[in-house]
Structures are given as structure tokens and as C-alpha cells.
Amino acid sequence: MSVYQKIVAIFVILFACSIAQADEPKQIKMGTMGWEDLATMSLVGKRMLEKEGYKVEMTQFSEWGIAYSALVRGDIDLLVSEVNYVAIDYWRKNKQRLEKVSVVSHGLNSGIVVPSYMKINSIEELNSIKDQVGGKIVGIEPGSGLMREVQEVIKQYGLDYTVIDSSTAAMTAELQSSIELKKPIVTLLWEPSWMMQKFDVKFLKDPKRALPPPQSYYWIAKKGFSAKNSHAREVLASVYVPIEDVTAMTVDIKNGATFEQAADNWWAKNTDLVNRWSELSKAD
């Protein structure tokens with residue numbers, strides 16, 4: 001092939017790509033859940049798409065089942081979800097009609113925690129301090145995934161403990177009171193959460209792996225989204241929010257910011273990163 005022919009071929013490819021991108025829809029329907037971590041990550045993605053010229057319509061859902069149904073029907077185009085564990089049942093049921101677009105963040109972690117001043121470091125040691133905490137693990141809302149998981153932990157480790165049904169708010173108050181008084185307490189927490197920054201606590205090691213490993217957050221979409229929206233897919237794939245930043249945004253919300261304000265504050269502090277994402281999304 002001559003140099004002239006090569007140049008013509010390159011222009012043909014570039015022209016075809018520009019036509020394909022011009023034909024790509026410029027409106028994206030995004031779903032999100034009403035939780036601090038998912039909402040703020042979704043809003044960062046929304047702002048990135050808008051920066052690249054897309055119009056984004058956002059719908060908030062209260063339950064995974066409703067959100068996944070909307071995604072399968074095409075009422076929304078994409079959604080941030082933890083498909084490896086938290087929403088695994090919904091993913092398994094619908095995965096033949098859905099696709100993973102890209103990872104948004106990684107490090108979602110949940111487990112049993114104690115204040116850092118307590119000397120134990122592993123779940124295996126819990127029975128040794130049973131009398132100090134009255135043989136109880138302070139739980140959260142009954143029926144939550146973490147409350148189911150801790151029952152498996154008790155079984156596998158042979159713990160002589162009772163998990164106390166509570167609420168996130170009540171658990172938080174008891175944890176704060178215990179730390180202020182330097183009292184021992186065993187409870188449940190997760191990352192990202194503002195509580196991991198506010199309270200000096202540590203996750204107990206889980207050598208038997210009774211709890212799930214750290215999880216990833218994914219953009220998921222109806223099957224065919226990436227092929228139909230190739231540039232939007234590149235934009236979304238350029239977005240990665242470190243789990244520490246997600247935690248910081250949840251702290252911002254705890255301090256009074258709205259979801260939108262927390263995402264805007266993060267965006268303003270990370271202009272250089274956002275610009276690099278923009279360049280990355282345009283790279284061949």
C-alpha cells in the first residue's frame with residue numbers, strides 16, 4: 001500500500017468514527033439509589049457525561065428490584081450497582097439482558113468492628129472478650145444483608161454471642177457513647193461510610209472468610225448499550241472514584257450537604273483529575 005493509500009485509509013476510518021459518534025444518542029437516562037455512596041458516584045458520572053456534551057436525565061429508586069426492572073425494560077439506560085454481592089440476586093436474575101460497562105469504584109467493605117483501643121484484632125478472639133460486652137454484637141436493621149452475614153460468622157466461628165436487632169441510627173449513638181467513655185463494644189460497620197472517618201474503629205480480621213471480600217461498584221446497562229453508545233461508554237470507563245473519596249462525600253452529606261452539593265464539592269476539588277478523564281475518554 002502506498003503512502004497516499006495509507007493516508008486515505010486513515011481519513012476514511014476517522015470519518016467513519018466521526019459519523020458513528022455523530023449518530024450516537026446524546027441523551028442518557030441514568031438511574032440511582034437514594035443512598036449516599038451510590039448517589040454521589042452517579043452524580044459524578046452524570047457531570048462527566050454532561051461535560052462531554054450529553055444531556056442526562058436522572059431517576060432515583062428506593063428498591064433494587066424496581067431499579068433493575070426499569071433497567072431491563074429500558075426505562076433507564078444505566079445504573080451504578082454492586083453486582084458481586086449486595087445486589088447479586090437481581091444481577092443473576094437479569095444478567096442475560098444486561099451488561100457491565102465499567103468499574104466506578106472498588107473497596108466496598110462490611111464487617112464486625114471494635115474501637116481501636118480494644119486489644120483484639122480478629123473475629124477468632126471475640127469469645128475471649130465476651131464478658132466485657134455482655135455477649136452481644138450491636139446490630140442494625142433486621143433483614144439487612146450485613147445482619148444475615150453476621151449470623152454466618154457466628155456459626156463458622158462458634159461465637160457465644162447474640163446479635164441485637166437495632167437501627168443504623170441507634171447503633172451509631174451507642175457506638176459514639178461507648179467511644180466517648182472508652183468502653184468496649186462490638187458492632188457492625190461498612191466502608192464507605194462517614195462513620196469510618198468519624199470513629200476510631202477497626203475491622204476485625206476474618207481468617208475463615210465468612211464475610212464477603214471487598215466489592216466493586218459497576219456501571220451496568222441494558223445489553224447493547226456500549227455498542228450503541230460507544231463514546232458514552234468511553235466517558236464512563238474513564239471515571240473512577242477512589243473509595244476514600246466516596247467516604248469523604250458521605251461525610252460531607254452527614255455534615256449537611258445534599259447529594260448534589262457533595263458531588264459538586266468533590267468535582268471542584270478534582271478539576272485536574274476530571275480533565276485527565278476527559279482526555280482519556282478521547283484517546284484512541
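**Chain overview and local geometry**

Author: This is a predicted model. Of the 284 residues in the chain, 47% are buried.

Reader: What secondary structure is there, and how far does the C-alpha trace span?

Author: The chain has 12 helices and 9 strands. Its C-alpha trace spans about 80 × 40 × 40 Å along the principal axes.

Reader: What share of the contacts is between residues 24 or more positions apart?

Author: Such pairs account for 79% of the contacts with a separation of 6 or more.

Reader: And the surface? How much of it belongs to carbon and sulfur atoms?

Author: 52% of an accessible surface of about 14,400 Å².

Reader: How far apart are the mean positions of the positive and negative charges?

Author: They are 3 Å apart, for 33 positive and 35 negative charges.

Reader: Is H2 mostly covered or mostly open?

Author: Mostly covered, with 13 of its 16 residues buried. Just after H2 comes glycine 53, which has a positive phi of about 95°.

Reader: Which residues have a positive phi without being a glycine?

Author: Lysine 182 and arginine 209 are among them: phi is about 55° for lysine 182 and about 55° for arginine 209.

Reader: Where do they sit?

Author: Lysine 182 is in the loop between helix H6 (168-180) and S7. Arginine 209 is in the loop between strand S8 (201-203) and strand S9 (215-222).

Reader: Buried or exposed?

Author: Lysine 182 is exposed because its relative accessible area is 60%, over the 50% cut-off. Arginine 209 also counts as exposed, at 73%.

Reader: Next, peptide bonds. Which one is cis?

Author: The bond from glutamate 191 to proline 192 is cis, with omega near 15°. Proline 192 lies in the loop between strand S7 (187-191) and helix H7 (194-198).

Reader: Last one, asparagine 270. Where is it, and why does it count as buried?

Author: Asparagine 270 is in the loop between helix H11 (259-269) and helix H12 (271-282). It counts as buried because its relative accessibility is 17%, and the cut-off is under 20%.

Reader: What does its side chain reach?

Author: The side chain of asparagine 270 reaches the backbone oxygen of tryptophan 266, at 2.7 Å.

Technical notes:
Residues numbered from 1 in each chain as written. Predicted model: local features only at pLDDT ≥ 70, side-chain atom pairs only at ≥ 80, totals over all residues. Heavy atoms only, no water. Helix = DSSP H or I, 4+ residues; strand = E, 2+ residues; numbered from the N terminus. Buried < 20%, exposed > 50% of the residue type's maximum accessible area, 1.4 Å probe, protein only. Polar contact = N/O pair within 3.5 Å; in protein donor to acceptor, adjacent residues only side chain to side chain. Contact = heavy atoms within 4.5 Å. Areas by Shrake-Rupley, 256 points an atom, 1.4 Å probe, with all protein chains shown as cover. Lys, Arg positive; Asp, Glu negative; His and termini not counted. Charge placed at Lys NZ, Arg CZ, Asp CG, Glu CD.
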